[in-house]
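Please look over the charged side chains in this structure. Some notes follow, point by point.

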Amino acid sequence: MLLIVNCPPWVKERRDADMGKITVAVIFGGQSSEHEVSRVSATTMISALRQEIYEVIPVGITKEGNWRIYHGPVEAIRNGTWEPYSTEVVLSPDASKKCLLKLVGGKYKEIPIDVVLPALHGAWGEDGTIQGLLEMAQIPYVGCGVLASAVSMDKVYTKLIAKAARIPMAKYLWFDGRTLEHTKEKIIAQVEKKLGYPCFVKPANAGSSVGISKAKNKAELEAALDLAASYDRKVIVEEAVVGRELECAVLGNDQVRVSGVGEVLAAAEFYDYEAKYHNAASKTVIPADLPDKTRETVRKIAEKVFRAVDGCGLARVDFFVEQESGRVIFNELNTMPGFTAISMYPMLWEEEGMSKSELMDCLIRLALERDNGIRG
């Protein structure tokens with residue numbers, strides 16, 4: 001049972017040993033197209049970290065890739081006005097240091113940290129890159145490791161792993177976007193023959209539905225391929241599934257807990273970036289009104305996929321339920337789901353009776369336990 005109530009026992013043990021607060025570096029922003037969403041997620045996470053337990057150090061990465069330690073109100077992170085109140089900082093890869101290096105008066109000052117919460121979405125954050133840096137520095141961090149983060153970010157490799165694990169998926173094709181200019185007609189012919197219209201076109205490596213289009217004819221498919229290729233060198237095309245969109249949350253390391261199931265009611269034709277974050281008519285329903293058998297199938301597949309990619313810490317797993325057949329179809333796995341006001345992951349656990357503060361306690365405990373298991 002992972003539900004944490006009041007002060008977690010491991011925090012009491014730390015206090016009894018006179019080790020003080022746990023220093024958490026919350027890293028936000030980044031260079032991906034999801035920079036703004038990351039800031040909002042970080043704001044939620046920081047607000048949920050209990051001050052009596054944690055010493056929180058916000059670290060922002062600008063869109064240009066500059067790392068800066070932030071000193072100021074959390075709301076400035078949300079609205080994007082944080083940078084003038086920040087100072088240059090870097091994360092030391094030296095495993096003997098386990099610290100941030102803050103530039104003060106032309107010299108670097110060491111700021112020790114206990115654990116990192118990488119509140120980053122998309123490329124250069126959710127794709128195994130920052131996880132690799134933290135592994136090198138031997139600093140515990142929240143969320144999936146290098147392998148799970150990398151393959152789950154790449155929709156092609158996620159599908160290859162899911163196929164090997166015999167997990168039901170929609171039919172798909174993928175292409176090298178770098179050769180699109182010379183192969184577009186061939187690709188369109190393949191899509192029309194094997195998938196038909198409508199179909200969905202996606203960059204292989206992108207989150208928050210960035211760069212995704214629904215193509216209903218050849219002209220729309222051609223435009224969709226160009227758009228997806230502008231975001232990533234690999235492009236994936238999937239058959240359209242007529243049905244309901246469902247999401248499920250996973251929490252844990254070796255032993256995992258799977259939440260109930262929520263449903264997405266998109267205000268647009270599909271749950272794209274605009275529908276997610278800027279259309280108030282989009283809704284989430286928790287719990288989803290489903291037959292018991294369907295709900296349990298979703299939960300079982302969510303755990304199966306999480307284990308197949310070697311997940312740990314947390315993930316949100318997305319599904320379709322086909323309208324005519326009732327078949328449960330795996331869509332994708334998100335290793336650092338959003339923590340915005342409309343994000344399903346924290347809401348699914350709140351439905352289970354776990355507050356955001358308790359969820360953050362649990363995620364940090366899992367990070368420290370995993371690190372101890374690897375290096376202990």
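1. Arg370 forms a salt bridge with Glu135, with the closest N and O atoms 3.5 Å apart. Arg370 sits in helix α12 (residues 356-375) and Glu135 in helix α4 (residues 129-137), so the pair ties together parts that are 235 residues apart in sequence. A salt bridge here is a side-chain nitrogen of Lys or Arg within 4 Å of a carboxyl oxygen of Asp or Glu. Helices (H or I, at least four residues) and strands (E, at least two) are DSSP runs, numbered from the N terminus.

2. Know the source. This is a predicted model: local features need pLDDT of at least 70, side-chain atom pairs count only at pLDDT 80 or more, and totals for chains, interfaces and linings use all residues. Residues are numbered from 1 along each chain as its sequence is written, and side-chain values use heavy atoms, leaving out hydrogens and water.

3. Buried means under 20%, exposed over 50%, and partly exposed in between (1.4 Å probe, protein chains only).

4. Next, Glu36 and Lys63. Their side chains meet in a salt bridge (2.6 Å, N to O). Glu36 lies in helix α2 (residues 35-48) and Lys63 in the loop between β2 (54-61) and β3 (67-70), so this pair joins parts 27 residues apart in sequence. Glu36 is partly exposed at 29%, and Lys63 is partly exposed at 46%.

5. Asp176 and Arg178 also pair, at 3.1 Å, N to O. Asp176 is partly exposed at 25%, whereas Arg178 is exposed at 58%.

6. Lys159, Lys202 and Glu238 are linked in a salt-bridge network. The structure holds 22 salt bridges.
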